[in-house]
Amino acid sequence: MITKEQVLQALSNVEEPDLGKDLVTLNMVKDIAIDGNKVSFTVVLTTPACPLKDMIRNACVTAIHLMVSKDAQVQVNMTAKVNSNRKDGKSILPNVKNIIVVASGKGGVGKSTVAANLALALAEGGATVGLMDADIYGPSVPIMFGVRGERPMMTNVEGKGMIVPLEKYGIKLMSIGLLIDEKQAVVWRGPMASSALRQFITDVYWGELDYLVIDMPPGTGDIHLTLVQTVPVTGAVIVTTPQDVALADAKKGIMMFNGPQVNVPILGLVENMSYFTPAELPNNKYYIFGKDGGKRLAEDMEIPFLGQIPLVQSIREGGDEGEPVMAGKDNITRQAFLEFAGNAARSIAMRNANMAPTKIVEVVL
């Protein structure tokens, strides 16, 4: 007769690779049911986008067969509960588990495209996701999601008027571009832009989210400092392209977040426009901006390398036409973003499990 204790003993030998502890110690095994030689249980992952899902399932089945019964019929159900390590007072964005900034040292590296498709890829895995366009001077979310000219509604939350984000492709969206006439240029000094960002955060009703992805302006300036002083940022994803001029600026972005004044964890670096692949030759790769520059920078800076995104026509077309590539049918590019999002989700889970709690930064300059 198979017992629950035997199942738990066997699964205590299955390690969660990222967190470095076994599933039982991490309290990831739930709902064990035994019927003769039939064994079923649920493994609760730390993120729906976990790319190690199949490996963990196979390891569980092997453990039961080796340590309990080789004749056991094992059914492993996989679910997820996104972890968080917020220890702030949660007066700001109280129901958001993880706040992820997507940043770059310079413009023109496709940061907004990466942020948009990261949000969509995380949502495709089953997470609840929001995308905030914090690029006050050059908002691009309205164009990329095909919501130009739309205006968000207002709602009353505990006596306070709050802006309700738009919803498109299964995620929540907010951008300064949804609140102003797109023909207007935003001509604001730094303090005014910072004030607008604070209001953007405190006056938008995001509700419950596993991840809030924030598309930052390029560079290292007022907006970045304002954000980390206003919300507890889980970590930063840095976007670069392979050539040296982009890598030099990406390095500055990494050093800003890693610096003692800011000290926000770097979740990793993603290399955009890594190579060109023409639609008619999907197996060909042309390294027009150089090869593996982002990977080398990640190794030099000792941060995770999250992936390479190809330069393909469908990405540009999707952004211009209001259908991001994750919402389209280009499987090669979709797979690149799914792998990148899976690696980012793993990095977030490891950050929450192994590093100091997320908190609002007190910047002293």
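Which residues make the nonpolar surface patch of about 350 Å²? Hold that thought while I do the housekeeping. This is a predicted model, so local features need pLDDT of at least 70 and side-chain atom pairs count only at pLDDT 80 or more, while totals for chains, interfaces and linings use all residues. Residues are numbered from 1 along each chain as its sequence is written, and side-chain values use heavy atoms, with hydrogens and water left out.

Okay, the sheet. It's open, with 8 strands in the order S10-S11-S7-S12-S6-S13-S14-S15, and the pairing is mixed. (Strands are DSSP runs of E, at least two residues; helices are runs of H or I, at least four, numbered from the N terminus; pairing takes at least two DSSP bridges.) S10 (166-168) and S15 (305-308) are at the edges with a single partner strand each, so one side of each has no neighbour in the sheet. From one strand to the next, the twist averages 25 degrees.

Now look at S6 (96-103) and S13 (235-240): they're parallel, over 4 bridges, and Val101 has Ala236 in S13 as its bridge partner. Helix H7 (244-258) packs on the sheet here, touching S6, S13 and S14, at about 170 degrees to S13. (Contact is heavy atoms within 4.5 Å; axes are lines fitted to C-alpha atoms, for helices over the stretch in contact, with N-to-C angles from 0 to 180 degrees.)

Back to the patch: it's Phe276, Leu281, Tyr286 and Ile288. Leu281 sits in the loop between S14 and helix H8 (293-301).

Technical notes: Patch = residues over 30% accessible without salt bridge, like charges linked within 9 Å, V, L, I, M, F, W, Y side chains within 5 Å. Areas by Shrake-Rupley, 256 points an atom, 1.4 Å probe, with all protein chains shown as cover. Salt bridge = Lys/Arg side-chain N within 4 Å of Asp/Glu carboxyl O.
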